[in-house]
Amino acid sequence: MPINHEQRLNDTNANVRKQKKEELTISESEPLYSFEDVILDDETKSKIKYIISIEENKNLIYGTWGLEKVFKTNKNVSVNLYGSSGTGKTMTAHAIANYLGRKLVIVNYADIESKYVGETSKNLVELFRKTEEANAILFFDEADALLSKRVTSMNNATDVSVNQTRSVLLQLLDRHKGIVLFTTNFIQNYDTAFYRRITSHIQFKMPNKEMRKSIWKHYLVPELPIETARESVIEKLSEIEDVSGSDISMAVFKAAVQTAYLKEERIGADRIKKALEEALFLKKIQEDNQYTVTTRRVSEEYVKEKIGKGGALNGAVAKG
């Protein structure tokens, strides 16, 4: 039988891709932010300090006070930072690592997901093992992709693999002795089993006026050439509500870039305000597009009746 060189090449490439996929690379990074960079309300600060104190007092709590005898598992410090986009969750995760003098292993679900059934769970095991060996902090950004509800009606191998991944992660959290940080904009998507495993859930709210003022001060640095008095501009801009720290930073940056592009010497307050309004407008469009599609079975007679009357099919208008 003649050798099919093309088939052999395809098989070789497939094996190489599989080997590369199975070799999970763990990279540690220095935290980018400190608590000086994060503007938080007093309640949130207090909750974060409480969590940090657990890590700082581990030897006292489990060793000297003997709680290690009765707490055999779940001795990690796991924190879920949740809330609206742009409210400082990711920056706070970096700040926690910075304060504790640890490096971060930043994980996105796509980094560990595998198309090979069962490999994602193996990647998770390796991820936790290597992170603990490095004494680093494990950080799952946009964690709802990983902590979402388990599939109750399993129809294929993918559904089985998803549930297996969730179960393995729950076991790993029980046994892990380090720090695990999660962030999400959609805590409602979490599987309820993870609520019990995670040490603390901290909500990040949209900043009030005083916080907005502090954030504007942080980004409108004294070196920035503003046309009018800096304090006056900050006071005026902080009146605008429903603005996140991310919105403010982007508005300042865009106004500075436009001023430099036009070769103007000073940044007008109106330009900063306009850049902020553009950021808010784009955010509103994005939020308006976040909808859920649902389907239901209907009879053929129902479809014919709706189409004939120009009615609605599962929320969509049927056109004749």
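**Close-up views of a predicted model**

**View 1. Surroundings of Asn80.** Leaving out residues up to four places away in sequence, Asn80 touches Phe182, Thr183, Thr184, Ile187, Tyr190, Ile198, Ser200, His201 and Ile202, where contact means heavy atoms within 4.5 Å. Asn80 belongs to strand β1, residues 77-83. Helices (H or I, at least four residues) and strands (E, at least two) are DSSP runs, numbered from the N terminus. With a relative accessible area of 0%, Asn80 is buried; buried means under 20% relative accessible area, exposed over 50%, and partly exposed in between, for a 1.4 Å probe and protein chains only. The model is predicted, so local features need pLDDT of at least 70 and side-chain atom pairs count only at pLDDT 80 or more, while totals for chains, interfaces and linings use all residues. Residues are numbered from 1 along each chain as its sequence is written, and side-chain values use heavy atoms, with hydrogens and water left out.

**View 2. The largest nonpolar core.** A nonpolar core is a set of buried Ala, Val, Leu, Ile, Met, Phe, Trp, Tyr and Cys residues joined through side-chain atoms within 4.5 Å. The largest one has 25 residues, and Leu124, Phe128, Phe140, Leu147 and Phe182 have the most contacts inside it. At least two residues each come from β2 (104-107), α6 (119-133), β3 (137-140), α7 (144-147), α8 (157-175), β4 and α9 (192-197). Helix α8 gives the most to this core, with five residues. Apart from this core lies another, of 21 residues, including Ile48, Ile52, Met91 and Leu181.

**View 3. Contacts of Leu147.** When its neighbours within four places in sequence are left aside, Leu147 is in contact with Arg166, Leu169, Phe182, Asn189, Tyr190, Asp191, Phe194 and Ile198.

**View 4. The largest pocket.** On a 1 Å grid over the protein atoms alone, a pocket is an open set of points where a 1.4 Å probe fits, with protein on both sides within 12 Å along at least five of seven lines; lining residues have an atom within 4 Å of a point. The volume of the largest pocket is about 490 Å³, a volume being the space filled by probe spheres set on the points. Its lining has 28 residues, and Gly86, Thr87, Gly88, Lys89 and Met91 lie nearest its centre. Helices α4 (89-100), α10 (209-219) and α12, together with strand β4 (179-184), each supply at least two lining residues. By class, 10 lining residues are nonpolar, 12 polar and six charged. Ala, Val, Leu, Ile, Met, Phe, Trp, Tyr, Cys and Pro count as nonpolar, Asp, Glu, Lys and Arg as charged, and the others, Gly among them, as polar.

**View 5. Helix α11 and its cover.** Val233, Ile234 and Leu237 are buried in helix α11, residues 230-237. Seen down the axis of α11, the buried residues fall within an arc of 100°, so they line one face of the helix; the arc is that of the directions from the helix axis to the C-beta atoms. Helices α10 and α13 (269-288) are among the elements covering these buried residues.

**View 6. Two loop residues with positive phi.** Glu142 is placed in the loop between β3 and α7, and its phi is near 50°, a positive value in a residue other than glycine. Glu142 is exposed, with a relative accessible area of 52%. Lys263 is found in the loop between α12 and α13; its phi, near 55°, is a positive value in a residue other than glycine. Lys263 counts as exposed, at 74% relative accessibility.
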